[in-house]
Amino acid sequence: MNIVEQTRIALLELFPDLAAADAEARAKAEAEAAEAAEAVAPVEAEQEVTAAAATGEAETATPPPAEESAEAATPETKAAAAEKEPAAEGPRQNGVAVGDYDRHGVHLDVLCDPQQVVAAAEILDQAGFFIEAITGVDWLKEDQMEVIYDYNRNDGRLCRVVVRTRIPRAEPELPSITNVYPGANWHEREAYDFFGIRFLGHPDLTRILLPEDADFYPLLKDFTL
Amino acid sequence: MTAPIRCREDETFVLNLGPQHPATHGVLRVKLTMDGEYVVKAEPVLGYIHRMHEKMAEDRTFAQFMPNTARMDYLHALAYNHGYVLTVERAAGIEVPERAEYIRVITVELNRLTSHLLWWAAFLLDLGGFSPLLYAFDDREQILDLLERVTGSRLTYCYFRFGGVYNDIDDDFITGTRNFIKRLRSRLPRLYHDLVTKNIILIKRLKDIGFVSKEQCRKYGATGPLLRGSGVQFDIRKNEPYSVYPEFDFDIPVYDEGDCMARYMVRMDEIEQSMRIIEQALDKLPDGPVRAKVPKILKPAAGDYYAAVEAARGSFGCRLVCNGDKSPYRLKLRSPTFSNLSLFGEVAEGMLLADALAFMGSLDLVIPEIDR
């Protein structure tokens, strides 16, 4: 199993419902793949017999069943991934989406509740990821603040994970992950500095880049020069 | 009348290193709690040259933000150019002509040489050796002249464009670069290694000083020579190849010791590897256009985009959030030294002040990049 799939399954622990559905889908896909593989063998053998009998048509007859079995196996796994893809309309549901790496530069895109960021960090810490950055995005129109955690790994196996969560703009609070990653300390201070996001349980949530007496949060969309 | 100075009961005192201190190379302040010559607690205080590039980005078109990228890490400005154009090209789906990719690699690697040479010079200056600075600046000046010919500037380059580069390189640049590499190759063993690397004073100042473990690097998100000096083979150019780097044969220097000497050796070896890349790129340089046709005003589709490059100090990443407008909705700039410096406090605890300065030098800090 490759690292992206491994991490995806590990992260599904955050969402028991999805994990169960995903495990079922995977088991089904595996069973079907096995079944198909079993089915292919006799079919091919049979066809070889018929092909031997009716020479000439053999070459054109053999490929389709093999293709069918391959297709039967992949849509299931794809469907399992597609389930968590953001729906085109309506807000995205919590879950682990497989990102389009070439297009967006991330392998896994997790949307979770604010209370789950620590659990997500713990899972990724266990899996050997490091924290690359923490930042916010101010969605003024939706009256929400998005907090984005970028994770990456340094052991040569390529897998970029982004964990995002939404918090109300009026009360931008969520738990701190400094207990899991001490390196998150400065990144959280920076997000506090720029957006006013309060990380509960942070050891020293003070201004880091702006002056200590600043009374504004510059990256808020309603802060204009 | 001012009150007489009294020692605290535990006899520690606070020492301010910076913000104007020659060893902090820029305006970094470190609040050191000292017990005699030993550091009890070190707290970097940042933000003295914070300019809020991320807010500026939201107020400008994609192209207008280009010059800002060079003003973060002014020592490896082209890598920052590169990281930014890669992100925007990914968002807007722009293809880059092959010749432009080669030119990007050549200039970025030349710029990496200038960065490492300047680090070497400044680091030795911190440690008390003055003359190496003159050798390194002599060599660095040659590269700056070469880069000035094609980019038009010497330090804060704004050379890359979406879909290519601003200017094609000419034969003079190519021969000049080849001559320079020949020259640096001949100077490296004697002037750099015999004189400095094998110097007993240097070795005593660096060996077993400032140990950083693999696990610390991971917990703090450290990248670049700091990580490779701790025995982790991680370089975006190899691990997450971008541009035409997969075409070249080069190694990622790794040292397991995790001390200042290991980080020193990683950078010295990287100088060799960068020269190898440049030579191969010059040999393979294809003909063709250096810039694709790209609309003046870009409006990438709404969404999140991420791209990272290996800058001289570690992995520099851009997270771009677009909403279909002509300027970024949000641009997060992930600078490597911000994460690298965040472990300073933990590692410097219990060090001698002079060793802490050696350790700080081995991190290769560029303050404008931390403060952004």
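Q: Is the crossing of α11(B) and α14(B) left-handed or right-handed?
A: In this predicted model, local features need pLDDT of at least 70, side-chain atom pairs count only at pLDDT 80 or more, and totals for chains, interfaces and linings use all residues; side-chain values use heavy atoms, with hydrogens and water left out. Residues are numbered from 1 along each chain as its sequence is written, while chains are lettered from A and ligands numbered from 1 in the order in which they are written. A crossing is left-handed if the near helix is turned anticlockwise from the far one by less than a right angle, and right-handed if clockwise. The crossing of α11(B) and α14(B) is left-handed.

Q: At roughly what angle do the axes of α11(B) and α14(B) cross?
A: Helices (H or I, at least four residues) and strands (E, at least two) are DSSP runs numbered from the N terminus, and axes are lines fitted to C-alpha atoms, for helices over the stretch in contact, with angles from 0 to 180 degrees between N-to-C directions. The axes of α11(B) (residues 260-284) and α14(B) (residues 353-362) come within 9 Å and cross at roughly 25°.

Q: Is α11(B) roughly parallel or roughly antiparallel to α14(B)?
A: Angles under 35 degrees count as roughly parallel, over 145 as roughly antiparallel, 65 to 115 as roughly perpendicular and the rest as oblique. The axes cross at roughly 25°. Therefore α11(B) and α14(B) are roughly parallel.

Q: Which residues of α14(B) make the contact with α11(B)?
A: Contact means heavy atoms within 4.5 Å. The α11(B) side supplies Cys260(B), Arg263(B) and Arg267(B). An α-helix has 3.6 residues a turn, so residues three or four places apart point the same way. The residues from α14(B) are Ala358(B), Phe359(B) and Ser362(B).

Q: How many residues of the contact of α11(B) with α14(B) are nonpolar?
A: Ala, Val, Leu, Ile, Met, Phe, Trp, Tyr, Cys and Pro count as nonpolar, Asp, Glu, Lys and Arg as charged, and the others, Gly among them, as polar. In the contact of α11(B) with α14(B), two residues are charged, one is polar, and the nonpolar residues number three.

Q: How many of the ten residues of α14(B) are buried?
A: Buried means under 20% relative accessible area, exposed over 50%, and partly exposed in between (1.4 Å probe, protein chains only). Among the buried residues of α14(B) are Leu353(B), Asp355(B) and Met360(B). α14(B) is mostly covered, and its buried residues number eight.

Q: Which residue with a positive phi follows α14(B)?
A: Phi is near 60° at this position. The residue following α14(B) is Asp364(B).

Q: Within what distance do the axes of α3(B) and α4(B) come?
A: Helix α3(B) covers residues 77-92 and helix α4(B) residues 98-127, and their axes cross at roughly 145°. The α3(B) side of the contact includes Ala77(B), His82(B) and Glu89(B), and the α4(B) side includes Arg104(B) and Asn111(B). By class, this contact has five nonpolar, three polar and two charged residues. The axes of α3(B) and α4(B) come within 8 Å.

Q: What is the relative accessible area of Asp139(B)?
A: Asp139(B) lies in helix α5(B), residues 131-151. Leaving aside neighbours within four places in sequence, Asp139(B) is in contact with residues including Arg183(B), Arg187(B) and Tyr192(B). Asp139(B) is buried, with a relative accessible area of 0%.

Q: Is Met52(B) buried or exposed?
A: Met52(B) is found in the loop between β3 (38-45) and α1 (53-58) of chain B, and its phi is positive, near 60°, in a residue other than glycine. Its relative accessible area is 10%, so Met52(B) counts as buried.

Q: How far apart are Ser230(B) and Phe211(B) in space, C-alpha to C-alpha?
A: Ser230(B) is in the loop between α9 (225-228) and α10 of chain B and is buried at 4% relative accessibility. Leaving aside neighbours within four places in sequence, the contacts of Ser230(B) include Val212(B), Cys217(B) and Tyr255(B). Ser230(B) and Phe211(B) are 19 residues apart in sequence, and their separation in space is 8.4 Å.

Q: What share of the 372 residues in chain B is buried?
A: Chain B has 15 helices and eight strands. Of the contacts in chain B between residues at least 6 apart in sequence, 71% join residues at least 24 apart. The buried share of chain B is 62%.

Q: What share of the 225 residues of chain A is buried?
A: Chain A has seven helices and seven strands. The buried share of chain A is 46%.
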